[in-house]
Amino acid sequence: MTNPSSPKPNPHIERILTLELVRVTERAAVLAAKLRGRGDEKAADQAAVDAMRRELNRLAIDGTVVIGEGERDQAPMLFIGEKVGNKSGPKVDIAVDPLEGTTLCARDMPGSIAVMAMAEEGTLLHAPDAYMHKIAIGPGHPRGLVSLDASPEDNLNALAKAKGVKVEDLTVLILDRPRHADLIATVRRVGAAVRLITDGDVMGVIFTTMPEKTGIDIYMGIGAAPEGVLAAAALRCVGGQMETRLILDTPEQLERAAKMGISDPNRKYQIEDMASGDVVVAATGVTDGALLSGVRFGNSFIETDTLVYRSATGTVRRISAEHRNFDKFHLG
């Protein structure tokens, strides 16, 4: 059922959605998957970036990368502000993470994906390359149930009450980083379980929308701001709650954020502040994970597994594809 708060579908975006976006993330995932387990994070990431950029420039869009691989001087391709598409279609914002979980791919560990979001121009937050505090839960709960301003204990108690379970029945997903030592200790002291991930917090946030499949009830912690916007785009399509706050603790970060239009460095962002309008998100598995299978290479075919989310219609499509034309992937 369509979310009543969702915008009217954009007819221009309608024509380029689903298969077109899927092709972009499929190509990136396949090229990255060729380097699974090789231990070379940079090579895998570059392969995904090259493939995604090549496919984006074939789309009938006039796109601007607002979430990319970094600033222009730090990222030769898919940098923030880069123009993509063949300029024959609508103006859109683009957010990309060509290879989320570069370490996971390099080590052939679960959970690496190629992911991107597309939205109407001016509707995705132009987030600087910084960290942000994040908390997220899935759909079906009263608005404001959890908050960055509440303690972990209060948030877990509120969520357990809303779910009709004990705190001991909850599982919290947290990035395995030294900065989270106190948070992990607090969650365990309260009684909830902790699942640690080494990378991949876009998919980590998405996990909260399907706790029956993933076993994850809530996401907490500090992660990268660009991935936060991508995660918010996905939650906007399927429901859920997310609050974030940028961590801008140096003059350089404050200056960069100001240039992107962020006037209040302490602002708390809701999903709608990070992703509004008609949003579409595509994610293709690179390595096997809880929600997506990784790329499979056969003698005469390549298999990919992709999820596509659309905010205007509230739909989630799974596209399992079998590709027999290897030339289109530029495998070399």
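The structure is a predicted model, in which local features need pLDDT of at least 70 and side-chain atom pairs count only at pLDDT 80 or more, while totals for chains, interfaces and linings use all residues. Residues are numbered from 1 along each chain as its sequence is written, and side-chain values use heavy atoms, with hydrogens and water left out.

A ring does take part in a contact with a charge. Lysine 34 lies over the face of phenylalanine 297, at 5.2 Å from the ring centre; a charge sits over a ring if NZ of Lys or CZ of Arg is within 6 Å of the ring centre and within 35 degrees of the ring normal.

Helix α3 comes next. Helices (H or I, at least four residues) and strands (E, at least two) are DSSP runs, numbered from the N terminus. Helix α3 covers residues 41-56, has 16 residues and reaches 22 Å from its first C-alpha to its last, close to the 22 Å expected at 1.5 Å a residue; the expected span is 1.5 Å times one less than the number of residues. At the start of α3, a side-chain oxygen of aspartate 40 comes within 3.4 Å of the backbone nitrogen of lysine 42. Buried means under 20% relative accessible area, exposed over 50%, and partly exposed in between (1.4 Å probe, protein chains only). The buried residues of α3 include Ala44, Asp45, Val49, Met52 and Leu56. The buried residues of α3 pack against α2 (19-33), β2 (83-84), β3 (91-100), α4 (102-106) and β4 (113-120), where contact means heavy atoms within 4.5 Å.

Strand β3 holds glutamate 100. Because its relative accessible area is 2%, glutamate 100 is buried. Glutamate 100 and alanine 162 are 62 residues apart in sequence and 32 Å apart in space, C-alpha to C-alpha.

Strand β5 (residues 131-137) is largely enclosed by the rest of the structure, because five of its seven residues are buried. Two strands pair if DSSP finds at least two bridges between them. Seven bridges join β5 to strand β8 (residues 218-224), and the two run antiparallel; isoleucine 137 has isoleucine 218 of β8 as its bridge partner. Seven bridges also join β5 to strand β9 (residues 241-247), again antiparallel, with tyrosine 131 partnered by isoleucine 247.

Threonine 171 belongs to strand β6 and is buried, with a relative accessible area of 17%. Leaving out residues up to four places away in sequence, threonine 171 touches Ala193, Arg195, Gly215, Ile216, Asp217 and Ile218. Histidine 180 lies in the loop between β6 (171-175) and α6 (181-190). At 2% relative accessibility, histidine 180 counts as buried. Beyond its neighbours within four places in sequence, histidine 180 is in contact with Ile174, Leu175, Gly221 and Ile222.

Two loop residues remain. Lysine 87, in the loop between β2 and β3, has a positive phi of about 70° although it is not a glycine, and is partly exposed at 44% relative accessible area. Aspartate 108, in the loop between α4 and β4, has a positive phi near 55° and is partly exposed, with a relative accessible area of 47%.

Terms used: A polar contact is a pair of N or O atoms within 3.5 Å; within protein, one must be able to donate a hydrogen and the other to accept it, and residues adjacent in sequence count only if both atoms are side-chain atoms.
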